[in-house]
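Biologist: I would like to learn how to read a two-chain model, one feature at a time. Please give me the general idea and then the case at hand.

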Amino acid sequence: MHEQSIVESLLNLALENARKSNARKIVSINLVVGDYTGIVDDAVNFYFGFLSQDTIAAGANINFTHVPGQLRCRDCDILFPMQKQIFRCPKCSGSRLEIVGGRELYIENMVVE
Amino acid sequence: MGTRILTVKENILAANTKEAGIIRELLNRHNIGMINIMSSPGSGKTSVILQTIHRLRDRYRIAVIEGDIASSMDTDKITRLNIPAVQINTSGGCHLDARMTRKALDALDLDRINLIFIENVGNLVCTADFDLGAHKKVVILSIPEGDDKPHKYPVMFVEADVVLVNKTDVLPHFDFKLEEFPAIISGLNPSARVFPVSAKTQDGLNRWISWIEETFSGTSCEDS
């Protein structure tokens, strides 16, 4: 259910931008998704196909660019990628970590006609 | 007709964030404080809210917005105390958003309220991503859920202003390391406050109540 409301917002944002530039059709949407958002591509595609019927975005392709989660150790000051089920600094094994990447969720650009 | 590339570079949740900003302005105009309470199902959101109402109702005019996937059981518990409560049924949706919150606020008399608690849908994942226009975010984690949850669901705890560790009365039966827990939270989110409480025995509630009074001192009945 989470993806349904995300896709509603995605579709509204895409349609609004298309309208502002007098586009007749949205061909594809390039979406940037951080791994910490927990967004699942297949679920987005499923809801998008369903919700975009009868709009100028019907049939549009969604291209996903995934941004890996990135953490910073507050003690060692090193950056490292998020690993599933592990929340420790690879250097000091500490868990005083700041999330510095992976929460992105935006439309980079769209191809329109 | 040829194709062209349209640069957007806009967050998908921007519309929600904008609406949340409008809500905060509305609340500020009415001198109302609002707290968004999030947790997994069954961690004690309703019990904490009920205890908080008992302790603050002399000083604040309180209302509650209840988010639920279905049913009005929690709302009924609040209205029995003669506290205004608005039910939002998300019809299966796993979180509240700013638009739903705005609709709930429309059903309240904002001139007769100065403190609102939002009981979000029980979910430790996506509720964190949706700004509801509240001034503060509170996450409740209960002892039986385990002290590993902040590392499994870090985003939720990064967003919190306060983490209430509820059900401390059952601590002897679980492996939850309560003494080490504040350090786990401060490692993730140095500015968050941690208050161990038991809504059942009322242990530890004073610190939570004091935090509300300090945070929303300008909105209490005595000042308005």
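Predicted model: local features only at pLDDT ≥ 70, side-chain atom pairs only at ≥ 80, totals over all residues.

Biologist: How many helices and strands does chain B have?

Modeller: Helices (H or I, at least four residues) and strands (E, at least two) are DSSP runs, numbered from the N terminus. Chain B has 8 helices and 8 strands. Chain A has 2 helices and 6 strands, in the sequence pattern α-β-α-β-β-β-β-β.

Biologist: Is chain A compact or spread out?

Modeller: Compare the radius of gyration, taken over C-alpha atoms, with the globule rule, which is 2.2 Å times the number of residues to the power 0.38. For chain A the radius of gyration is 18 Å, well over the 13 Å that the rule gives for 113 residues, so chain A is more spread out than a compact globule. Its C-alpha trace spans about 55 × 25 × 15 Å along the principal axes.

Biologist: And what does the radius of gyration of chain B say?

Modeller: Chain B has 8 helices and 8 strands. Its radius of gyration is 18 Å, close to the 17 Å of the globule rule for 224 residues, so chain B is as compact as a globular protein of that length. The C-alpha atoms of chain B fill a box of roughly 70 × 40 × 35 Å along the principal axes.

Biologist: What is the order of the strands in the open sheet of 7 strands?

Modeller: Strands of a sheet pair through backbone hydrogen bonds, either parallel or antiparallel. Two strands count as paired if DSSP finds at least two bridges between them. In chain B the order is S4-S3-S5-S2-S6-S7-S8, with parallel pairing. The edge strands are S4 (85-89) and S8 (193-196) of chain B, each pairing on one side only. Neighbouring strands of this sheet are turned by 20 degrees against each other on average, direction ignored. Within the sheet, S3 (residues 62-68) and S5 (residues 115-119) of chain B run parallel and are joined by 5 bridges; B:Glu66 has B:Glu119 as its bridge partner in S5(B).

Biologist: How should I read helices H1(B) and H4(B) as a pair?

Modeller: Two packed helices are described by the angle between their axes and the distance between the axes. Axes are lines fitted to C-alpha atoms, for helices over the stretch in contact, and angles run from 0 to 180 degrees between N-to-C directions. The axes of H1 (residues 14-29) and H4 (residues 98-106) of chain B come within 8 Å and cross at roughly 30 degrees. H1(B) and H4(B) are therefore roughly parallel to each other (angles under 35 degrees count as roughly parallel, over 145 as roughly antiparallel, 65 to 115 as roughly perpendicular and the rest as oblique).

Biologist: Which residues of H1(B) and H4(B) meet?

Modeller: Residues are in contact if their C-beta atoms, placed from the backbone, lie within 7 Å. B:Asn16, B:Glu19, B:Ala20 and B:Ile23 in H1(B) meet B:Ala98, B:Arg99, B:Thr101, B:Arg102 and B:Leu105 in H4(B).

Biologist: At what angle do the axes of H2(B) and H8(B) cross?

Modeller: They come within 11 Å and cross at roughly 65 degrees, H8 being residues 205-215 of chain B. H2(B) and H8(B) are therefore roughly perpendicular to each other. The contact is made by B:Gln51, B:Thr52, B:Arg55 and B:Leu56 of H2(B) and B:Leu205, B:Ile209 and B:Ile212 of H8(B).

Biologist: How many residues does each chain give to the contact between chains?

Modeller: The contact takes 27 residues from chain B and 31 residues from chain A. S1(B) gives the most to the side of chain B that touches chain A, with 8 residues.

Biologist: In which sense does S1(B) pair with S6 of chain A?

Modeller: S6 (residues 105-112) of chain A and S1(B) pair in the antiparallel sense over 6 bridges. The bridge partner of A:Val111 in S1(B) is B:Ile5, and A:Tyr106 stands opposite B:Asn11. The open sheet of 4 strands has the order S2(A)-S1(A)-S6(A)-S1(B), with mixed pairing.

Methods
Residues numbered from 1 in each chain as written. Chains lettered and ligands numbered in written order. Contact = placed C-beta atoms within 7 Å.
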